[in-house]
Amino acid sequence: MERVSNLDCVLGFAYPVGMVNTVLGLELLGEASDLGGQRRVINARCWFKDWDGLRSVVVRGDPVFRCAVSNEGQLRFVAVNLHQAGHATQAEIAAAFGHSTRTQIRWEQRFEKGEALEDAPKPGP
């Protein structure tokens, strides 16, 4: 799995897209047209849509993250940062992204320690 650092996420992998809203308008994320996927609601403020191999996350109408659906490290980074920014609760993020609240907590603990999120062990039986 590709290693993702916080710097990578800012430089173009799982990057915040708020600063490029003029280029990546809301209509490109499926607000005005269907781009081959359904919006998944996280809560009243947040939703995401997977299309063309990318996950685009929107908060209060603004696209805030975009990452590769196939890259676990990027998806985990986005999940952690959604909670740390106060956009959604751990339970809301876990339910929408398809993992447990306990897994969300573990990812946040790893992130706070500066550990790589893509190296996090998958829960086993």
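1. Buried means under 20% relative accessible area, exposed means over 50%, and partly exposed is in between (1.4 Å probe, protein chains only). Arg-55 is buried, at a relative accessible area of 8%.

2. This is a predicted model, where local features need pLDDT of at least 70, side-chain atom pairs count only at pLDDT 80 or more, and totals for chains, interfaces and linings use all residues. Residues are numbered from 1 along each chain as its sequence is written, and side-chain values use heavy atoms, leaving out hydrogens and water.

3. The structure holds 3 salt bridges. A salt bridge is a side-chain nitrogen of Lys or Arg within 4 Å of a carboxyl oxygen of Asp or Glu. Arg-55 pairs with Asp-50 in one of them (2.6 Å, N to O). Asp-50 is partly exposed, at 27%.

4. Arg-76 and Glu-72 form another salt bridge (3.7 Å, N to O). Both lie in helix α2, 4 residues apart, about one turn of the helix. Arg-76 is buried at 3% relative accessibility. Glu-72 is partly exposed at 27%.

5. Glu-115 and Arg-110 also meet in a salt bridge (3.3 Å, N to O). Glu-115 is partly exposed, at 33%; Arg-110 is buried, at 19%.

6. Helix α2 (residues 72–84) packs against helix α4 (residues 101–112) at about 90°, with axes 10 Å apart. So α2 is roughly perpendicular to α4 (65 to 115 degrees). Arg-76 of α2 is among the residues making the contact, as is Trp-107 of α4; contact means heavy atoms within 4.5 Å.

Technical notes: Axes are lines fitted to C-alpha atoms, for helices over the stretch in contact, and angles run from 0 to 180 degrees between N-to-C directions. Helices (H or I, at least four residues) and strands (E, at least two) are DSSP runs, numbered from the N terminus. Angles under 35 degrees count as roughly parallel, over 145 as roughly antiparallel, 65 to 115 as roughly perpendicular and the rest as oblique.
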